Amino acid sequence: MMQQYLRIKSNYQNVLLFYRMGDFYELFGDDAERGAKLLGITLTSRGHSNQQAIRMAGVPVHALEQYLARLVKAGESVAICEQIGDPATSKGPVERQVLRVVTPGTLTDEGLLPEREERCLAAVARSKERHRAALAWMSLASGECMLCELDWVDLADFLKTMQCVELLVPDSLQPTLMTSSLESIVIKPLADWYFEPERAQRKLKERLGVASMKGYEIAHEPALQTAANALIEYAAKNSGLSDDAALPHLQSIRRWRSEAYLTLDHVACRNLELVESLHGGTSHCLLNRLDQCRTVAGSRLIRHRLLHPIRDWLEIGQRQQQVRALVPLLDENLIAKLDAMVDFERLATRIALASIKPRELASLRQALAALPSLMVMLPEAFQSELDALNLDPKLLNDLKQQLLDEPAGHLRDGAVIRDGFDEELDELRTLDRDCDHYLAAFEIKERERSGISTLKVAFNSVHGFYIEVSQGQLSRVPDDYRRRQTLKNAERFITPELKAFEDKALSARERALARERKLYEALLSALLNHVPALQAAGQAIARIDVAQSIASIAIASQWCQPEFATDQWLRIEQGRHPVLETLVESYIANDCEMHEQRRMAIITGPNMGGKSTYMRQIALTVLMAHCGFFVPAKSCQLGIFDRIFTRIGASDDLAGGRSTFMVEMTEAAAILHHASKHSLVLMDEIGRGTSTYDGLALAQAIAEQLAQGNRSLCLFATHYFELTSLPQRLEAVFNLHLSAAEGRGTIKFLHQVREGAASRSYGIQVARLAGLPSTVTRKASHLLENLEQASRERLIQPDLFSTMIESEPVQSLQVVDALAANQPITSAFEQAIRQALQSINPDEISPRDAQALLYELKKISDQHY
């Protein structure tokens, strides 16, 4: 047996091998030690191999899925080795074979997959351009394979966005990919010959049954062909298919067109809290707010749409039309019909892989029967979905005719195929069912023959049929009784008559199970033709459910349908944050208007005043509009955006050796390099991680580049009040502020966005609200007054927007005369005076700022005279 085990194990060196032995899966050697540690099971030893004790650990067959789930979660892969031979006819060890390999990226079983998320497998290869990677990925549970080329630096973010958990790489590439950015993904090296171009093209054509790859748009893309072939070959092999077999549920191979989507990098997904909040958990993320779906397929689709907003006006319009069509039709009946639906797409995959359980087929049958009543409730906007749900009646008829109303949970238990469907199975079942009547009659007969009133006839799976007699009655046992088992207080016997019946009955039971297995396999083969239709039906139900979810929220929360325009502009009336509006009693709605003449908003205001919330709600509104969702506003008009960038908050990256400020600058650099005039950029308090002068200088330079170079629509929140003078220097820049009211040493946040710059930050008042000791806040107030006085007197923080050029002094009277005569001023003194005066708005300047300006003018005068 150990020779057989080692021979099988040699082909699965890097995975745990679950070796079937009766009612257990056993692990041996190093696998046993690792498995015992990961699963918390007992490690023992038995016998010797090569003069060493054989380490063993095992799990029961009936509990396999729960142990597999724990191992897969830990990033392990497991080969399942089953007994395929007959123990009764085997002269040596029972023949065994690995039927499937379970890895993090090849999950299809219901008990191992998260219902509302995908778990994708990916493969990467070198592109012909060395800075580019060829990537293929697919969810084995749905069967759609996608391909794209991207820069290596974008690989980690892209894999996370696509929910990839396992990455196949050539051996030669593995060292370059072992980075901290990919630490959450299981990297599986494959021999380089898996990625050999000529072999990949030949294998792909064979698997897909085509003569050319032109139809898949990769005929002249050898790198993409190698990645796709490695992916499909690995998935097929681990699913128990032959080396050259195609995945029976593979829907298509498609190119991913990044230009068709509004791009969101991992930083934006995190900062906008799309699928997870910044502090962990999902209770306050956007997905949790939007996902009111009744089906798990709908939940997966709404997650996908949220992470991959589109730019196609026509597709966005179709999604909006479906939501709008459902708004007047939503009621409990429609909700109940959706509740009756099952996960058609994943069930189709398990049918294709012959791994579906009988009760899953029963649930599919029930859902198919409920489809017509759902279809009659759908409006014309769902015509393509209605076409997909119009399934072949033979599918439901086959399930009704062959499957029991309540089949067993597993095929190995029998009781799956309906009585009356197969004569041979009915005969064997009749023989098996008569067993109980025979045993009852036999027990009565033996009690009368032996005179033992306590005699019992029973059966167990280890010893078969037996007659049990207590120790006190052994003297009355007939001569033809043969001892089968000795217990503490009783003996168990067998007679020639009972033995003959046992052979007949057990043979009938085994033959009935074998016949039922054959009929079940034939049923799955017949259902295989319906797999594409079931996949399409599952996708249709998911789209209906997503429309239902958004319509339900739109009704309850008074969301509106956004309108798209050709120009690059953004107008939101009474916009709200989709998550926070459900968490506060009365949310303050705010407007936003941005266009070519109002591209950058410099946002100031007190700490905790709502600047970050305002920026996030604008970005989420834009994102949701591109998903085809309704948005939390009274009205919304916008153009098509290409990307959303966020630079909000920061923390250090200890593993990567980056400080908080370095992380902040890295994110800002990515924005400046990639943002276009069609992008939306959120910058929150950039430059705060270094000294005041450095931070202010960087913040101004970044703001100027975004306004004049990138020309993106940008929301720029800052506490550097010097930046509020940018609108006087740069076109299309304007000021906004979050209002607050101060009184008796306290502050009240009004959360209202208003035009113009804020007068102060109210930092000390916020610190007081946070609970700082009064002695500290009083001291801080005193120090603030001293600092402000020193600033006025010494100008320790001069206006960065003024450039002082030394020149010969001129008389002040000449300046007055020149200004009165509207003549050009050319001296350095005159230029300094003019710049100082042009930087103010008399209607908005505060008394404190006016006083500071007088000090500055006096300082200029003192420098020149």
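Which backbone nitrogen lies 3.0 Å from a polar atom of the side chain of Glu-360? The backbone nitrogen is that of Lys-357, and the pair is a polar contact, a term used for N or O atoms within 3.5 Å where, within protein, one must be able to donate a hydrogen and the other to accept it, and where residues adjacent in sequence count only if both atoms are side-chain atoms. The model is predicted, with local features needing pLDDT of at least 70 and side-chain atom pairs counted only at pLDDT 80 or more, while totals for chains, interfaces and linings use all residues. Residues are numbered from 1 along each chain as its sequence is written, and side-chain values use heavy atoms, with hydrogens and water left out.

Glu-360 belongs to helix 14 (residues 358-375); helices (H or I, at least four residues) and strands (E, at least two) are DSSP runs numbered from the N terminus. Its relative accessible area is 8%, so Glu-360 is buried. Buried stands for under 20% relative accessible area, exposed for over 50%, and partly exposed for values in between (1.4 Å probe, protein chains only). Leaving aside residues up to four places away in sequence, Glu-360 touches Glu-110, Leu-347 and Arg-350, contact being defined as heavy atoms within 4.5 Å.

The chain as a whole contains 28 helices and 27 strands. Its radius of gyration is 37 Å, well over the 29 Å that the globule rule gives for 865 residues, so the chain is more spread out than a compact globule. This radius is taken over C-alpha atoms, and the rule is 2.2 Å times the number of residues to the power 0.38. Along the principal axes, the C-alpha atoms fill a box of roughly 140 × 70 × 65 Å. Of the 865 residues, 49% count as buried. Among contacts between residues at least 6 apart in sequence, 66% join residues at least 24 apart.

Helix 11 (residues 313-326) has 14 residues and reaches 20 Å from its first C-alpha to its last, close to the expected 20 Å; the expected span is 1.5 Å times one less than the number of residues. At the start of helix 11, the backbone nitrogen of Leu-314 has a side-chain oxygen of Asp-312 within 2.9 Å. Ile-316, Arg-319, Gln-320, Gln-322, Val-323 and Leu-326 are the buried residues of helix 11. They lie on the same side of the helix, because they cover an arc of only 155° around the axis, the arc being that of the directions from the helix axis to the C-beta atoms. The elements covering them include helix 10 (296-307), helix 12 (332-339) and helix 20 (611-626). Gly-628, with a positive phi near 85°, follows helix 20.

Glu-573 is located in strand 19 (residues 570-575) and is partly exposed, at 23% relative accessibility. Its side chain forms a polar contact of 2.9 Å with that of Ser-635. Beyond residues up to four places away in sequence, Glu-573 touches Asp-591, Ala-633, Lys-634 and Ser-635.

The whole structure contains 0 disulfides, a disulfide being a pair of cysteine sulfur atoms within 2.5 Å. The sulfur of Cys-714 has its closest cysteine sulfur 12 Å away, in Cys-592, which is too far for a bond. Cys-714 is buried, at 0% relative accessible area, and Cys-435 is buried at 3%.
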